[in-house]
Amino acid sequence: TLSILYQKSPLFSQEFLRIHLMDNTFTTMPLTEFTKARDALKFMCKKHALNNETEWGLLEFWDHPGINGIMSERKLPGDEMLLDMSILTWEQAARKRYGLVNTVPHSAFKLVLRKVTALLPQARTKKEQHLEFCQALADVKDGRFSAENKTEIFDLAALAIFKDLREGMS
């Protein structure tokens with residue numbers, strides 16, 4: 001029935017996986033039936049020279065509360081099979097929400113590489129620092145970031161202005 005339709009006419013690629021980064025870029029990686037979330041995380045850390053793999057995680061984002069019926073985001077467990085669990089769930093939810101034709105917006109379902117701990121490792125690459133900075137900015141804009149006092153937010157705003165000015169000069 002519908003499971004056959006998922007295999008014959010999938011809405012999402014069963015060969016490649018797009019993983020978004022906090023700097024509004026993405027990386028496409030090969031996907032097999034055996035690819036687990038931890039494999040994708042290792043691939044992303046190696047591809048982007050992120051030294052501290054345990055500091056990062058893959059988060060699944062939906063544009064509507066549909067994960068377990070109530071959530072719109074969750075951290076993927078390392079042993080989750082991406083094709084048979086995540087992508088299949090996206091297929092089922094997309095067909096319920098958008099119908100049988102491929103009218104699913106690109107932002108409806110996505111995987112995002114995010115820093116998931118507050119630890120500050122010693123040996124961070126420039127790419128790690130850049131992604132952490134972009135994540136902090138996004139968290140402030142989205143209301144996820146809470147500070148005990150406003151100085152942290154002012155420091156982040158000053159860094160953002162400095163970064164914009166430096167990029168404008170080059």
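Is C134 buried or exposed? With a relative accessibility of 12%, C134 counts as buried (buried means under 20% relative accessible area, exposed over 50%, and partly exposed in between, using a 1.4 Å probe and protein chains only). Keep in mind that this is a predicted model, where local features need pLDDT of at least 70, side-chain atom pairs count only at pLDDT 80 or more, and totals for chains, interfaces and linings use all residues. Residues are numbered from 1 along each chain as its sequence is written, and side-chain values use heavy atoms, with hydrogens and water left out.

**Cysteines**

- You'll find zero disulfides here (a disulfide is a pair of cysteine sulfur atoms within 2.5 Å).
- C45 is in no disulfide, and the nearest cysteine sulfur, that of C134, sits 16 Å away.
- As a reminder, a disulfide is a covalent bond between the sulfur atoms of two cysteines.
- C45 is buried too, with a relative accessible area of 3%.

**Helix α2 and its surroundings**

- Helix α2 covers residues 37-47, and its buried residues are A37, A40, L41, M44 and C45 (helices, H or I with at least four residues, and strands, E with at least two, are DSSP runs numbered from the N terminus).
- Look down the axis of α2 and its buried residues fall within an arc of 130°, so they line one face of the helix (the arc is that of the directions from the helix axis to the C-beta atoms).
- What covers the buried residues of α2? The cover includes the strands β1 (16-20), β2 (26-30), β3 (56-62) and β5 (109-115), along with helix α3 (82-98).

**Loop residues**

- H48 lies in the loop between α2 and β3, and at 13% relative accessibility it counts as buried.
- Leaving aside neighbours within four places in sequence, H48 is in contact with L21, T27 and K127 (contact means heavy atoms within 4.5 Å).
- A49 is in the loop between α2 and β3 as well, and at 43% relative accessibility A49 counts as partly exposed.
- The phi of A49 is near 55°, a positive value in a residue other than glycine.
- N24, in the loop between β1 and β2, also isn't a glycine and has a positive phi of about 65°.
- For background, most residues other than glycine have a negative phi.
- N24 is exposed, with a relative accessible area of 75%.
- T125 has its place in the loop between β5 and α4, and at 18% relative accessibility T125 counts as buried.
- Setting aside neighbours within four places in sequence, T125 touches A49, L50 and N51.

- The largest pocket has a volume of about 540 Å³ (on a 1 Å grid over the protein atoms alone, a pocket is an open set of points where a 1.4 Å probe fits, with protein on both sides within 12 Å along at least five of seven lines, and lining residues have an atom within 4 Å of a point).
- That volume is the space filled by probe spheres set on the points, with grid points joined across faces, edges and corners.
- Its lining has 20 residues, and E132, A136, D139, F145 and E152 lie nearest the centre.
- The elements giving two or more residues to this lining are β5, α4 (126-142) and α5 (151-169), and α4 provides the largest share, five residues.
- By class, the lining of the largest pocket divides into nine nonpolar, three polar and eight charged residues (Ala, Val, Leu, Ile, Met, Phe, Trp, Tyr, Cys and Pro count as nonpolar, Asp, Glu, Lys and Arg as charged, and the others, Gly among them, as polar).
- The second largest pocket holds about 460 Å³ of space.
- This second pocket is lined by 20 residues, and those nearest its centre are L21, M22, N24, C134 and A138.
- Helix α4 gives the most to the lining of the second largest pocket, with six residues.
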